[in-house]
Amino acid sequence: MSDDSGRLVLVLPFENRSGQPSLDWVGESFPTTINQRLNSAGFLTITRDDRMFALDHLGLPLEFKPSRATTIRIAQTLDADYVIVGSFITHGTAPDLHIEAQAQVLKVSALKLSSPIHDSAPLPRLLDLQNGLSWSLARQMDPAYNVSQTTFLAASAGLQLNAFENYVRGLVDRQPADRLKYLTTAVQIQPNYAAAILALGKLQYADEQYEQAAVTLAKLPEGDPLALEASFYRGLAFFNTAKYANAEKAFAFVAAALPLPEVINNEAVAASRQNKDAGALFQRASSADPQDADYHFNLAVTLYRRKDMTGAQREVALALKQQPNDSEAIALRDHIAAGPAAVQNAAQTNTNAFDPLERIRRSYSETGFRQAAFQLDQMRAMRMAALPPAEQAGQLTQLGNDYLTQGLVPEAEHEFRSAIATDPHNANAHAGLARLEKQGGNLDDARKEATLSLQLRPNVPAYLVLAQLEMDGNNLPAAAAYVGNALKISANDTAALGMKRALEARGQKLP
């Protein structure tokens with residue numbers, strides 16, 4: 001089904017056919033989980049906000065249940081390549097309520113629906129149900145996808161269902177106060193729930209709770225995939241409380257990874273508020289999006305302050321070309337036209353003092369962020385494909401290890417398996433896959449991959465996987481031997497030393 005199709009996917013809420021309105025949140029929750037899993041599988045999914053925009057653009061109510069024809073119109077409005085539709089029913093009653101769901105893929109170019117995919121589970125295992133469906137959908141759209149279903153099922157490990165429910169309700173409730181209540185509850189239940197932290201921080205920012213928003217968004221570690229978006233809004237929160245140095249730092253963090261014009265512009269504005277010359281940054285923003293009047297205006301203000309009247313005149317003219325009725329830009333143009341002497345005289349006499357301020361961009365396109373990240377991944381993959389197999393496998397393995405550190409298990413497995421397919425003799429890739437299999441509870445596969453890794457080349461991660469397996473099986477002498485071998489390779493390895501101490505605490509010394 002994948003052939004030459006694109007990878008932009010729209011997942012619609014699943015229709016609630018249970019007859020229980022209290023379960024409407026379940027239908028809304030399917031896109032939340034499926035989007036996450038499909039993103040990890042290399043698809044680009046359309047956000048809920050963009051889906052809402054499409055419904056509004058077509059003049060449809062937000063709670064509208066689209067027919068097949070309307071679904072196609074929505075997909076075409078959003079340029080989607082695939083649309084996933086589904087429904088669910090229930091069996092039994094609480095606490096033994098079961099959810100039975102079905103999903104289908106509409107390939108927009110062919111206007112053809114796939115055969116239904118069915119799955120069911122008790123309500124407490126809703127996330128397992130959704131992860132399993134996600135894997136089947138990914139494989140239907142891309143039969144070559146190489147990540148196991150077990151990995152998908154483990155992707156939501158640790159996420160509590162009541163936190164997930166409150167998060168989903170916090171996204172979809174119509175009343176801001178109720179949304180705030182639900183999201184606050186989700187974070188209280190699960191303080192490390194990244195998606196809920198981001199949603200809560202953004203809602204607090206929208207409610208002008210700037211200081212609280214900055215505190216909330218700071219809870220996301222820099223290595224989290226959502227940290228870029230969180231840092232953007234944290235920068236805005238700092239800016240609105242005049243903490244310009246903190247705002248500049250937050251925007252710079254985002255710009256280092258995703259140098260989008262709105263981010264670079266905001267970094268520059270925060271720097272300007274500290275009396276820094278941010279002309280180079282404003283020039284970058286304007287060059288990246290020359291159709292944006294604000295970027296030209298900001299650069300004009302900076303050049304005006306430098307007394308570069310020719311440059312300022314050029315930029316303000318470009319700003320007015322885009323927005324002819326911009327009163328601030330007109331005033332800046334007129335001051336420049338009055339000449340340096342008139343400007344200096346006004347400043348000295350404080351007559352008609354004119355001190356324009358650069359403009360912050362207070363919102364951003366989440367779709368633009370995600371598309372930029374997706375394009376960077378595609379470009380990285382193209383560059384990597386041109387490398388020799390051994391070097392390509394090494395980079396794929398490093399990506400896999402980075403993903404595993406971040407808890408992105410499906411992404412990690414995809415990179416490890418791709419590395420092994422590129423170079424089956426890459427010991428580190430097999431060791432990474434062993435770590436992943438151990439983490440997912442696939443102990444036989446973990447042992448197999450770790451053993452194969454050591455046959456290719458002795459290395460610390462594979463020895464430690466085998467040591468942990470032996471410790472879990474209470475075979476302490478064998479575990480000690482593996483740890484000893486790891487320390488011979490790297491005497492200061494933190495994980496190996498930790499396992500050594502754990503063994504000694506259980507009365508087992510290393511050989």
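Which residues does Leu 38 touch, not counting residues up to four places away in sequence? In this predicted model, the partners of Leu 38 are Val 9, Val 11, Phe 43, Thr 45, Ile 84, Ser 134, Ala 138 and Met 141.

Let us turn to strand S4. Spanning residues 82-91, S4 is mostly covered, with seven of its ten residues buried. Here are its pairings:

| Partner of S4 | Sense | Bridges |
|---|---|---|
| Strand S1 (residues 8-11) | parallel | three bridges |
| Strand S2 (residues 15-16) | parallel | two bridges |
| Strand S5 (residues 98-107) | antiparallel | ten bridges |

Val 9 stands opposite Tyr 82 in S4, and Asn 16 stands opposite Phe 88 in S4. On the S5 side, Val 83 has Leu 106 as its bridge partner. S4 and S5 form a hairpin with six residues between them, and Gly 92 in the turn has a positive phi of about 80°.

Finally, a look at Ala 245, which belongs to helix H11 (residues 244-257). Ala 245 has a relative accessible area of 45%, so this residue counts as partly exposed. From Leu 23, Ala 245 is 222 residues away in sequence and 46 Å away in space, C-alpha to C-alpha.

Technical notes: Residues are numbered from 1 along each chain as its sequence is written. This is a predicted model: local features need pLDDT of at least 70, side-chain atom pairs count only at pLDDT 80 or more; totals for chains, interfaces and linings use all residues. Side-chain values use heavy atoms; hydrogens and water are left out. Contact means heavy atoms within 4.5 Å. Helices (H or I, at least four residues) and strands (E, at least two) are DSSP runs, numbered from the N terminus. Buried means under 20% relative accessible area, exposed over 50%, partly exposed in between (1.4 Å probe, protein chains only). Two strands pair if DSSP finds at least two bridges between them.
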